[in-house]
Amino acid sequence: MSTFKAPKGTYDLIPPDSAKFLAVREAIAAPLRNSGYGYIETPGFENVELFARGVGESTDIVTKEMYAFETKGGDSLALRPEGTASVLRAALEANLHKLGNLPVKLWYSGSYYRYERPQKGRYRHFSQVGAEAIGAEDPALDAELIILADQAYRSLGLSDFRILLNSLGDKECRPVYRAALQDFLRGLDIDEDTRRRAEINPLRVLDDKRESVQKQLGDAPLLRDYLCDACKAYHEEVRELITAAGVSFEDDPKLVRGLDYYTRTTFEFVHDGLGSQSAVGGGGRYDGLSEMIGGPALPSVGWALGVDRTVLALEAEGVELELPSTTSVFAVPLGEEARRVLFTKVTELRKVGIAADFSYGAKGLKGAMKNANRSGARYTIVAGERDLAEGVVQLKDMESGEQSAIGVNEIVAELESRLG
Ligand code: AMP
């Protein structure tokens, strides 16, 4: 072991488990690719101001959890704590909203950083796949994203998750509600911190997980009762479209989420097998964000699904992904000439798309066969001097144990046909 360890709150993805992460990312991306979303990649860090303005000055993410630093050149940067602000920044910078049809639909996959208290399912470095649909106000778009996330989870074999849905209103009705909620919160017995939060961002108090706070919120006014007619109609249509798609959800009038930019539709995916870090994904509409970061009005909607927690959810449900075996054929040469011949064959197999590996290093037959076993290969090809003198190799089916001699020049065709 080296003297170094992965930093606190992080972990390494290593084989074989890392294959699961790739498969999860792929499964989340597949429905997006299939629905007009183009891939976008942005830097791992941005100007700190982007997140302060975009995510919200008073949010935990910005006040406590950001990895912010000054460069030697004097720039104030932060490792990205989330994806939406960066993606919108990039879309505006490239004028994507002027170039083609709206909405601009984008998906992304990458690492995110938050200085949080680490625990199971909560890390300081984590991985998300996200989607953003920029520049259209249409309930069908909100519904599309919820349906695609549902499809992604189901394609992985998950079923023990729930979709929580709420509307946060818009700039017309939310301020009215905000004032009413503030009035209510001022009458409660809460600590200083919470009182301050109630003044800056009262909706966030609804999200407080502490029992002592939740107990007092029973009679809190609900946004649902304050929605203006336009927001009400919009939300109703989102609900109808999701329902028509056969996707079930629960109305959660207290769902507010931890970022300030949300308007109208907000949703969270929670998995019931994960304990306290149960949110596997979340998102919503952010009609005002573009203007908050200096762009034109561009009503938009998006989500981000956590890859780490999705993998934990698979484990919690006991779902075994059907991962293609990494190696189909393993070559075991006995002697120098066999090394040359089999190495060439391995290269040929790889060229036709068969996953093949080779016994490297000077190993005896026993050690080499152990490697072949561990590789998970369905077939091994073994060749010694006597085989090569006869122009054959031994092809062994590792499942049945059957072994047969086969001509050196027929290896590729034979394995192609056997592996279908
Ligand atoms: P958020 O941007 O906070 O809504 O996060 C979206 C999703 O990212 C969450 O539902 C989680 O699955 C995942 N996520 C957020 N923060 C963390 C973290 N610290 N560790 C692991 N996953 C996270």
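1. Aromatic cluster. In this predicted model, Tyr-153, Phe-161, Phe-267 and Phe-269 form a cluster, linked through ring pairs. The structure as a whole holds 12 aromatic pairs.

2. An edge-to-face pair. Phe-358 and Tyr-360 have ring centres 5.0 Å apart. Their planes stand at 65°, and edge-to-face pairs are those with planes over 60 degrees apart, so this pair is classed as edge-to-face. Which of the burial classes does Phe-358 fall into? Phe-358 has 3% relative accessibility and therefore counts as buried, the limit being under 20%. Tyr-360, at 41% relative accessibility, counts as partly exposed, because this value lies between the 20% and 50% limits.

3. Arginines over rings. Arg-124 lies over the face of Tyr-115, at 4.0 Å from the ring centre. Arg-264 is placed over the face of Tyr-234, and here the distance to the ring centre is 4.7 Å.

4. Ligand shell. How many residues surround the ligand? The shell has 14 residues, and the closest are Arg-114, Glu-116, Tyr-123, Gln-128 and Arg-257. Sorted by class, the shell comprises five nonpolar, four polar and five charged residues.

5. Strands that supply the shell. Strand E6 (125–134), strand E10 (279–285) and strand E11 (300–306) each contribute at least two residues to the shell around the ligand. E10 gives the most, with three residues.

6. Polar contacts and cover. Gln-128, one of the closest residues, has a polar side-chain atom 2.9 Å from an oxygen atom of the ligand. Gly-281 places a backbone N or O atom 3.0 Å from a ligand oxygen atom. For Gly-306, a backbone N or O atom is found 3.5 Å from an oxygen atom of the ligand. How much of the ligand's accessible area does the protein cover? On its own the ligand has 470 Å² of accessible area, of which the protein covers 93%.

7. Overall fold content. The chain has 17 helices and 16 strands. Its C-alpha trace spans about 90 × 50 × 45 Å along the principal axes. Of the 420 residues of the chain, 49% count as buried; Phe-358 from point 2 also counts as buried.

Note on methods. Residues numbered from 1 in each chain as written. Predicted model: local features only at pLDDT ≥ 70, side-chain atom pairs only at ≥ 80, totals over all residues. Heavy atoms only, no water. Near = heavy atom within 4 Å. Polar contact = N/O pair within 3.5 Å; in protein donor to acceptor, adjacent residues only side chain to side chain. Areas by Shrake-Rupley, 256 points an atom, 1.4 Å probe, with all protein chains shown as cover. Helix = DSSP H or I, 4+ residues; strand = E, 2+ residues; numbered from the N terminus. Nonpolar A, V, L, I, M, F, W, Y, C, P; charged D, E, K, R; others polar. Phe/Tyr/Trp six-rings, centres within 6.5 Å; stacked < 30°, edge-to-face > 60°. Buried < 20%, exposed > 50% of the residue type's maximum accessible area, 1.4 Å probe, protein only. Lys NZ or Arg CZ within 6 Å of the ring centre and 35° of its normal.
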